Amino acid sequence: MKGSGFRELEAAPAPAPAPAPAPAPAEAPGSIAALQEGYCKICSEKSQKINPFILHILQKVDEEIQKGPKEGITLNIAGNNRLIPVQRVTGEDFCILSKILKNHPSINGLDVRYNLIGDVGAHYAAELLQKQLYLIYLNLMFNDIGPEGGELLAKALHENTTLKYLRMTGNKIENKGGMVFAAMLQINSFLEKLDLGDCDLEESTVHLAHMLKENHHLVELHMCKHGIKNCGFHQLCNALYLNSSLRYLDVSCNKITRDGMLYLADVLKTNATLEVIDLSFNRIENAGANYLSESLTSHNRSLKALSIVSNNIEGEGLVALSQSMQTNPALSNIYIWGNKFDEATCVAYSDLIRKGRLKPENTDVEPFVVDGHVYLAEVSNGLKKHYYWTPTYGDAYGHSTNAGFALVPVCQNL
C-alpha cells in the first residue's frame, strides 16, 4: 500500500543528511525581494535613467523583507524627505514604479507625496488602481496633478474594490475634477477616507452633499480650503441627516460663520455617527460656540473630538464649551488655541485638566500660573498637526498630534 511503503521509507536507516543550503530569496512575480532588480530591468528596457532616490528606497525595502516575511508594506517615496538626497519622482518615473508594483501583493500602501508626477503620473496611477488588487492606501499629495489627472483617477475608482484611503491634498483638480470625484463616490462603496483639501475646489458642497446622501461607506472626508460659505454648509448639513457612515468631517479653513453653526448644531441633536469635526480657521464666534455647546450638553453623545482653533471666539463661547464637557462624557478632545482667552476661559480649562476630565494630550493648551493668575500656553497637539509635514525625528503618527486619524482608523496606520 502507498501508506505502508511511506512508513517503511521513514523507518529505513539513512546516513546523516548534509546541511541544507540556505533558501534563496523567492523570485516569483509576487516577491517583494525582487523590487530593485525589477526596477533596474524595466529602466533598462525602456532606456530610462534610474532614479537613485527610488532605487535607494527599494533597496531598503528589499533588505527589510530579507529579514523575514512582511505583509502590509507601505512604500514611502515621499519627495520631502530631509534625511537623504532626493531626486523627485516624475511622471515617467512613476510609470516604471507602477509596472513593478502590479504583481506585488505584499505592498498595500504607496506614499509619493511632494513629487512631480503630474497628469502623466496620474494616468499610470489610474492604471495601477485598475490592475493592482492589493493597494489600500495611496498618497498623491502635492504632485501637480490637474483636472485631467483628477478625472482619470476618479474614473479608475469606479470599479476599484480595494483602495480605502486616497489623499489628493494640494493637487489643483479644480471644480471639474471635484465633480468627477463626487460622481465616483455615488458608485464606489469601498473607499473609506478621501482628502480633497486644498484642491482649488470652490463651493463644491452641492455635489459632495448629494454624494453624502447616496454614499454610506465613506467614513472620513476632508474639505479644507473649499471656500465653503454658510449656504453651502447648510446643504452639507442637510445631507448629514441622511448619512449613516461619516465619522470624521474636516471643513477647516473655510468661510463658515455663526449662522452655519445653527445648521450643524441641529444635525448634532440627532446624528449618532460623527465622531470628529474640524472647524479650525473659520469664524463661528461666541454665538456659534454657544449653539454647539447647547447640542453637546443636552443631546449629542457621539462626538469625541472638536477643533475650533482660530474662530474669533471669546470667553463666553469658550466657557460654554468647557461646561458642555462637564456633562458630556463622550467628548474627550477639544482644541481651542487662536481664540480670545480671558481669565474665566483659562480657569475653566485649567480646572478640566486638573480634575482629569480633559487629558493634557487631548487638547492644545496647557495652564500655567503667574502672580496668582491662570494663563494658557499652546502645546503641539491637534487633530492633524502633521497634515502637511512629518517630523524628522520622533513619532510622526502619535495620537496626541494626529488625534483625528487615531480616533477614526480604517486599518493599521491608516
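**A predicted model: pocket, sheet and helix pair**

The second largest pocket has a volume of about 390 Å³. The model is predicted: local features need pLDDT of at least 70 and side-chain atom pairs count only at pLDDT 80 or more, while totals for chains, interfaces and linings use all residues. Residues are numbered from 1 along each chain as its sequence is written, and side-chain values use heavy atoms, with hydrogens and water left out.

A pocket here is an open set of points on a 1 Å grid over the protein atoms alone, where a 1.4 Å probe fits, with protein on both sides within 12 Å along at least five of seven lines; lining residues have an atom within 4 Å of a point. Lining the second largest pocket are 21 residues, and Asp-278, Ser-280, Phe-281, Lys-384 and Lys-385 lie nearest its centre. This lining comprises 10 nonpolar, five polar and six charged residues.

Turning to the sheet, 10 strands (DSSP E runs of at least two residues) form an open sheet in the order β1-β2-β3-β4-β5-β6-β7-β8-β9-β10, with parallel pairing. The edge strands, β1 (73–76) and β10 (333–335), each pair on one side only. Within the sheet, β6 (residues 220–222) and β7 (residues 248–250) run parallel and are joined by three bridges; pairing requires at least two bridges in DSSP. Leu-221 stands opposite Leu-249 in β7.

Helices α6 (residues 147–156) and α7 (residues 174–185) pack with their axes 8 Å apart, at an angle of about 5 degrees. The two helices, α6 and α7, are therefore roughly parallel to each other (angles under 35 degrees count as such).

Key
Axes fitted to C-alpha atoms, helices over the stretch in contact; angles between N-to-C directions. Helix = DSSP H or I, 4+ residues; strand = E, 2+ residues; numbered from the N terminus. Parallel < 35°, antiparallel > 145°, perpendicular 65-115°, else oblique. Points joined across faces, edges and corners; volume = space filled by probe spheres on them. Nonpolar A, V, L, I, M, F, W, Y, C, P; charged D, E, K, R; others polar.
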